[in-house]
Amino acid sequence: LRLALGCRTLRDADAQVRAAPRGTTCHILLADAIGQFRMLELAGDALESAASDPLSANVGVEEPIEGSEWQVVQASAVVHTNHYLHPRFAALSQENLAHSRERYARATQLVDDFDGAPGVGHGADAHLELMKRILGDRSGA
C-alpha cells in the first residue's frame with residue numbers, strides 16, 4: 001500500500017498493489033483527483049476488483065472527458081462495508097457481520113437519493129453533508 005501512495009497515476013497505483021506480495025483480508029480504495037477509482041478486495045494472496053469507475057476499461061487514460069459528446073455520470077460516493085462485494089469472495093464473508101449488507105444498501109440508497117434530488121448542489125459542502133448523513137445514519141441499527 002505504501003508503494004501505491006507514492007504513485008502519480010491511478011494506473012500505476014493499481015499495478016503496484018497487484019504486483020505486491022499479499023497475505024491479508026481487506027478492501028483498498030484507490031482514487032484520483034478526477035474521480036476515477038478502483039475498489040480492490042483482497043483475500044489472502046487473491047485480489048479482485050469489486051468495483052471501478054465507468055472508465056475502468058480505459059485504465060491508461062487518466063484525463064477527464066469534458067467536452068466530449070457524452071458524459072459518464074458517476075455516483076457522488078462509493079460505498080463499501082464489512083462484507084465482500086466481489087462474487088468470487090462472497091462465501092468468505094462472515095454471516096452479515098454487524099449488519100453489513102443492510103448498511104451497504106442504506107448507504108447506497110442515500111447516495112442514490114442525493115444524486116437524484118432536483119436542485120441539489122454537488123459542491124464540496126454538499127458532499128460533506130452527504131458523508132455526515134451516511135456515517136450518522138442509524139436506520140436499521
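Me: Which way do helix 3 and helix 4 cross, left-handed or right-handed?
Reply: Their crossing is right-handed. Keep in mind that this is a predicted model.

Me: What's the angle between those two helices, and how far apart are the axes?
Reply: Helix 3 (residues 100-116) packs against helix 4 (residues 124-136) at about 155°, and the axes are 10 Å apart. Angles over 145 degrees count as roughly antiparallel, so helix 3 is roughly antiparallel to helix 4.

Me: Which residues meet there?
Reply: From helix 3 you get Arg-106, Ala-107, Leu-110, Val-111 and Phe-114. On the helix 4 side they meet Ala-126, His-127, Leu-130, Arg-133 and Ile-134.

Me: How many bridges do strand 1 and strand 2 have?
Reply: Eight, with strand 2 covering residues 37-44 and the pairing running in the antiparallel sense. Within that pairing, Ile-28 stands opposite Leu-40 of strand 2, and Thr-24 is opposite Gly-44 of strand 2.

Me: What about the hairpin there, which residue takes a positive phi?
Reply: That's Gly-35, with a phi near 90°. The hairpin of strand 1 and strand 2 has five residues between the strands.

Me: And how many residues sit between strand 2 and strand 3?
Reply: One, and those two strands form a hairpin as well. They pair in the antiparallel sense over six bridges. Leu-42 has Leu-47 in strand 3 as its bridge partner.

Me: Is strand 2 mostly covered or mostly open?
Reply: Mostly covered, with seven of its eight residues buried. For the chain, buried residues come to 27% of the 141 residues.

Me: How big is the accessible surface of the chain?
Reply: About 9200 Å², and carbon and sulfur atoms account for 53% of that.

Me: Last one: what share of the contacts comes from residues 24 or more positions apart?
Reply: Such pairs make up 43% of the contacts in the chain, counting those with a separation of 6 or more.

How values were computed
Residues numbered from 1 in each chain as written. Predicted model: local features only at pLDDT ≥ 70, side-chain atom pairs only at ≥ 80, totals over all residues. Heavy atoms only, no water. Buried < 20%, exposed > 50% of the residue type's maximum accessible area, 1.4 Å probe, protein only. Contact = heavy atoms within 4.5 Å. Areas by Shrake-Rupley, 256 points an atom, 1.4 Å probe, with all protein chains shown as cover. Pairing = 2+ DSSP bridges. Helix = DSSP H or I, 4+ residues; strand = E, 2+ residues; numbered from the N terminus. Axes fitted to C-alpha atoms, helices over the stretch in contact; angles between N-to-C directions. Parallel < 35°, antiparallel > 145°, perpendicular 65-115°, else oblique. Left-handed = near helix turned anticlockwise from the far one by under 90°.
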